[in-house]
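Hello,

Here is the structure I said I would pass on. Please look through it first; my notes follow below.

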Protein chains: 2
Amino acid sequence: MEYRFSMLANKLKSSMIRELLKYASVPGAVSFGGGTPDPETFPRHELAELAREVIEKEYKYTLQYATTEGDPELIKQILILLKRVYNLDGLLPENVLITVGSQQALELVGKVLLDPGDYVIVGDPEYLGALSAFRMRDARFLVVKFEKDGPDLNQVEDHLKRAQRENELSRVKFIYVVSNFQNPSGITTSLEKRKNLVELAEKYNVLIVEDDPYGVLRFRGEQLPSIMNFGGTDRVILLNTFSKILCPGLRIGVVVADRQIVRKMVLAKQGTDLCSPSLTMRLTARYLERYDVLEQIKPAIELYRKKKETMIEALKEEFSDVTDAQWTDPDGGLFVWTTLPDVDTMEMFKYAEQRKVFYIPGEAFKPYEEPSSSMRMSFCLPSFEQIREGVRRLKQAYLDYIEAKGLRCR
Amino acid sequence: MEYRFSMLANKLKSSMIRELLKYASVPGAVSFGGGTPDPETFPRHELAELAREVIEKEYKYTLQYATTEGDPELIKQILILLKRVYNLDGLLPENVLITVGSQQALELVGKVLLDPGDYVIVGDPEYLGALSAFRMRDARFLVVKFEKDGPDLNQVEDHLKRAQRENELSRVKFIYVVSNFQNPSGITTSLEKRKNLVELAEKYNVLIVEDDPYGVLRFRGEQLPSIMNFGGTDRVILLNTFSKILCPGLRIGVVVADRQIVRKMVLAKQGTDLCSPSLTMRLTARYLERYDVLEQIKPAIELYRKKKETMIEALKEEFSDVTDAQWTDPDGGLFVWTTLPDVDTMEMFKYAEQRKVFYIPGEAFKPYEEPSSSMRMSFCLPSFEQIREGVRRLKQAYLDYIEAKGLRCR
């Protein structure tokens, strides 16, 4: 049967990550591929007990349809958390929308802001889920290099100036940025760049979509104010999620924005999935009410910190003889971004596969398809020994690759 | 602050139902408005215990990200249920997608099949959530009268013929139909019309989207074969949900379709919300494994049957002197559809509000905005006494309205 799919359906492709992760379940493999947190860090006993309780006692809420905005009890807890984590004051329930994970938040941002052909300023590399969501709206990307301290602001302004010159500034809808420990690069946007981004956004009248799923997973250094602290809800839409701080299986995403924007997103969500599951929202609300989620996550952060250090040490050990090899040393989050000279990490993947080690080729995070000499390496799931062994195998795969390609080890 | 929203955002309107339901919480009011099941019918003790169990024992699944297709354990149970309920054989896991409620299923159908300006054949009246989902894709509606036994098939064929004549047949993507106890009309599409719909769909090479959230809530008469029984997955996409049979708070929707279509919907869901919550999927799977959901729902069906009879009796009692007043007497589901001559039920709403009785004006279910003399009356939530009292108030509101309008009681 030949179906007549939509143009959207015809251009949809499976995410490279999904496809590559299939290999990672090979017996004996070490996978640096997935970006999923370690399930042993989830507070399962507390959640199990609370789930029983909220279904027994609050069944009229938890088993019934919810309002599209989300559980008011959860929104209440989120406002408290926003104050604690970001020192964001003066927010009202009308500034918050609960979504099914932050992927839905990204999709709704796309729905309410982007018409086909509108522009979004994104990084290179950039979070894949955001690119997918904006692609579904047929957006065009204005790409800026993601430097050691965040997006290249000269490039940001160049794009904005050119758009202004070409009378297209009104079609540049927002600058998207993962502000802390970016996925995939692990890079944190510096304090100065946060301020300057807001200045640019104000000067050219565009919005900023600040995505911060990893901010609480900081292992060292001082927390920076969020971009929203400088730009407020007028200028910034802040996205967050409980996937990393609590667990992903509840799929609780959060949008913080001006009430006009939240209102539009609520209307879009009505037609998208009507409402999020009441059960997972109320369960999260009661968890936040009863436990200190920021305390609870501390052992996980400590674990991730040690794993990250193990990965950095292993990289130093194995790749110190590879001149120009680079890796980021993130202050938090889940990812190290490794760059190998002369390597196409997608081509190298099959050598890694033979050596039973898996990573995500940087190509997956390119706004437009092109080869990359970088790779995303997640350190949160493998054990310490697996991290060391995986990096050893990676070095072997690299040597296999350069030999096969007739390159020399630099 | 003046935001530059997308064209989609600018045309989004709040659902009339949502707006009107705000009135229904007035103290002392009787509401026939909501389409929500009675929470007392939900198996809360079983679900509470199972929720605790699946978090404790299966936390590696329930608290982690799921695959976009949905929980394989739930899909297994759904295949068993599809065989039991519809006698659908030969379906594979690849034919099933789990969604966040059937609203997401409708939205994904729109995403993978509809380009802006494409046509969908819909009923008058029609389920509002489907209209919203297809409107988000800028679809155009070809409207057919919903008669006592389902869609007017002459009109269906007229639309298809005209599209063929105008070389637009390839843009008519599907016929949408709620086959059992339609929301809002309560009407069931007859056996003959089911067969004929498939013949028409084959003759003109269009798909049928069969939506069946209410089929299991049958209080009398024989269950009819689904349209998919005649058309198969080649021709029919079948949508279902656990919102009415188990509870809405878990937001479990189901798509059954050809694997090519499911595959495209999975790709669209990746960018839409990545995956559904693992917890609610696994909880539903274990419930279905351990309990007989079709047995469990029987007391609720019996309750709804009695409530529907109470409503029909009350309507007969109060409106027998109103010549031409009509109401459907559904064989199942949650809704009675009442039509009053010369009445604009939207205009009459304020009189009903004064009398503290609420319904949903038929206008909400019109594919294109126009007045309606019908109203949707849900009988599942009010008590027996409230149903009788509500219908008495409705009569008063009607009398107030025709007096104010200078009409006479016919």
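Contact here means heavy atoms within 4.5 Å. By that rule, 87 residues from chain B and 87 residues from chain A take part. This is a predicted model, in which local features need pLDDT of at least 70, side-chain atom pairs count only at pLDDT 80 or more, and totals for chains, interfaces and linings use all residues. Residues are numbered from 1 along each chain as its sequence is written, chains are lettered from A in the order in which they are written, and side-chain values use heavy atoms, with hydrogens and water left out.

Chain B and chain A bury about 7400 Å² between them, 58% of it on carbon and sulfur atoms. Buried area is the accessible area (1.4 Å probe) that two parts lose on being put together, summed over both.

There are four salt bridges between chain B and chain A; the term means a side-chain nitrogen of Lys or Arg within 4 Å of a carboxyl oxygen of Asp or Glu. One of them joins the side chains of Lys60(B) and Glu40(A), at 3.6 Å from N to O.

Regards
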